[in-house]
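User: Could you take a close look at one part of this model for me? I would enjoy a connected account of it.

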Amino acid sequence: MVVEISNSGDVGKYTGYYYTFSMAAQVVTPILSGWLLEHVSYRTLFPYATAFSLLALLTMSQVRHGDSRPEKKESLLENFDVDD
């Protein structure tokens with residue numbers, strides 16, 4: 001998804017953002033959920049998971065790019081060009 005919504009020159013930047021936030025979430029959530037389980041109760045696990053699932057749904061609903069579509073070629077012969 002990151003590759004499809006970014007320009008060819010910005011793929012590395014947005015891939016870096018994706019991995020940074022993904023890894024940060026994997027570090028923070030066990031600490032935060034463990035603290036809640038230990039100091040509050042195990043009843044916080046379901047609301048915690050529900051809240052962050054809804055947050056993920058909210059952020060994904062803001063993505064406005066669709067599938068990438070190839071540019072229309074001017075002539076039939078241009079379809080056989082290879083851009084490597």
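## Aromatic pairs and a kinked helix

Analyst: Searching the whole structure turns up 3 aromatic pairs (ring centres of Phe, Tyr or the six-membered ring of Trp within 6.5 Å; planes under 30 degrees apart are stacked, over 60 edge-to-face, the rest tilted). One of them joins Tyr-14 and Tyr-17 edge-to-face, with 5.9 Å between centres and 70 degrees between planes. Do keep in mind that the model is predicted: local features need pLDDT of at least 70 and side-chain atom pairs 80 or more, while totals for chains, interfaces and linings use all residues. Numbering starts from 1 along each chain as its sequence is written, and side-chain values use heavy atoms, without hydrogens or water.

Tyr-14 and Tyr-17 sit 3 residues apart in helix 2, about one turn (helices are DSSP runs of H or I, at least four residues, and strands runs of E, at least two, numbered from the N terminus). Tyr-14 is partly exposed at 36% relative accessible area, as is Tyr-17 at 45% (buried is under 20%, exposed over 50%, partly exposed in between; 1.4 Å probe, protein chains only). The rings of Tyr-18 and Tyr-19 also pair edge-to-face, because their centres are 5.1 Å apart and their planes at 75 degrees. Tyr-18 is partly exposed at 46%, and Tyr-19 at 47%.

Further along helix 2, a kink of about 25 degrees lies at Val-28, shortly before Pro-30 (the angle between axes fitted to the seven residues ending there and the seven starting there). Val-28 itself is partly exposed, at 47% relative accessibility.
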